[in-house]
Amino acid sequence: MQAAERRASVVETADWLKREGIIPIVRGDFAAERVLEIGDALLAAPILCMEVTMNTPGATELIALLRARYGENMRIGAGTVRTVAQFDAAVEAGAQFTLSPSLVMGVVERARERGILHIPGVFTASEAETAWQAGCPILKLFPADQGGPAYLKALRAPLDDVAFAPTGGVSMENAAAWRAAGAVALGVGSTLITGPNQTMADLITRARGLKAAWEG
């Protein structure tokens, strides 16, 4: 893949996530069949992307199953990618984007080499500037619930060209406030995918409510 193609691939995936607005997070001990059911429910909502964290048991196998099931109809990502080895494993399994809880420059550099959208975790203005200058088109504000929408608004006063996706404590109740503060997307975990025993009807209802709150 040439440099221009790598950049185009990253931009296309970033635009996809921004259009969707909601990035559902699968974290925990889920059977493969249940993860596929979750994917089907999100597709029905519709929310056309999802993330499987690398500290979920069998994460790479789940990512591969999801990619095989949905092809280009959804974007499947890997979260909690903290090392280059984890990044490579996730991408080999089929991850189309990756996310980290922190800013690991080795992972940022590998993602750039491979033409994969990587969304690093940042919290301070210095971290955000470092990641943005390194070419990351979206940054994960984490843990977002420690500052709330007011903190994002304060960050974006000087960093108004930086795209943030808050993650941590995001819910249907505060989605609109995050968007008003300038978020381009939201990472949503247990307030959306509540656990292995959640009914898919409940997940679809939550997904639609969350997306409606985000879109206003």
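Two strands count as paired if DSSP finds at least two bridges between them. Helices (H or I, at least four residues) and strands (E, at least two) are DSSP runs, numbered from the N terminus. The model shown here is predicted, so local features need pLDDT of at least 70 and side-chain atom pairs count only at pLDDT 80 or more, while totals for chains, interfaces and linings use all residues. Residues are numbered from 1 along each chain as its sequence is written, and side-chain values use heavy atoms, with hydrogens and water left out.

**The sheet: six strands in an open, parallel arrangement.** Reading across the sheet, the order is E5-E4-E3-E2-E1-E9. E5 and strand E9 (186-188) stand at the edges with a single partner strand each, so one side of each has no neighbour in the sheet. From one strand to the next, the twist averages 25 degrees; angles here run from 0 to 180 degrees between N-to-C directions, and axes are lines fitted to C-alpha atoms, for helices over the stretch in contact. As a bit of background, strands of a sheet pair through backbone hydrogen bonds, either parallel or antiparallel. Look for phenylalanine 97, whose bridge partner in E5 is leucine 117.

**Strand E1: covered on both faces.** E1 spans residues 22-26, and five of its five residues are buried; buried means under 20% relative accessible area, exposed over 50%, and partly exposed in between (1.4 Å probe, protein chains only). Ile22, Pro24 and Val26 lie on one side, with Ile23 and Ile25 on the other. E1 pairs with E9 in the parallel sense over three bridges, and isoleucine 23 has glycine 187 as its bridge partner in E9. With E2, E1 also pairs in the parallel sense, over two bridges; here valine 26 has valine 52 in E2 as its bridge partner. Helix H2 lies across E1 and strand E2 (49-53), running at about 155 degrees to E2.

**Helix H5: the buried residues and what covers them.** In H5 (residues 105-114), look for Val107, Val108 and Ala111, which are the buried residues of the helix. They sit on the same side of H5, because they cover an arc of only 105 degrees around the axis (the arc is that of the directions from the helix axis to the C-beta atoms). An α-helix has 3.6 residues a turn, so residues three or four places apart point the same way. Among the elements covering these buried residues are helix H4 (84-93) and strand E5 (117-119); contact means heavy atoms within 4.5 Å. Just after H5, glycine 115 takes a positive phi of about 70 degrees.

Lysine 211 is buried at 13% relative accessibility, and glutamate 20 is buried at 10%. Another salt bridge joins aspartate 40 to arginine 69, with the closest N and O atoms 2.8 Å apart. Here aspartate 40 belongs to helix H2 (residues 32-44) and arginine 69 to helix H3 (residues 59-70), 29 residues apart. Aspartate 40 is partly exposed at 32%, and arginine 69 is partly exposed at 44% relative accessibility.

**A salt-bridge network: Asp88, Glu92, Arg110, Glu113 and Arg114 linked together.** Start with aspartate 88 and arginine 110, whose closest N and O atoms are 2.4 Å apart. Aspartate 88 is in helix H4 and arginine 110 in helix H5, 22 residues apart. Arginine 110 is partly exposed, with a relative accessible area of 26%.

**Two cysteines: sulfurs too far apart for a bond.** A disulfide is a pair of cysteine sulfur atoms within 2.5 Å, and a search of the whole structure finds zero of them. The cysteine sulfur closest to that of cysteine 49 is in cysteine 136, and because it is 18 Å away, it is too far for a bond. Cysteine 49 is buried, at 0% relative accessible area; cysteine 136 is buried too, at 5%.

Definitions and conventions. A salt bridge is a side-chain nitrogen of Lys or Arg within 4 Å of a carboxyl oxygen of Asp or Glu.
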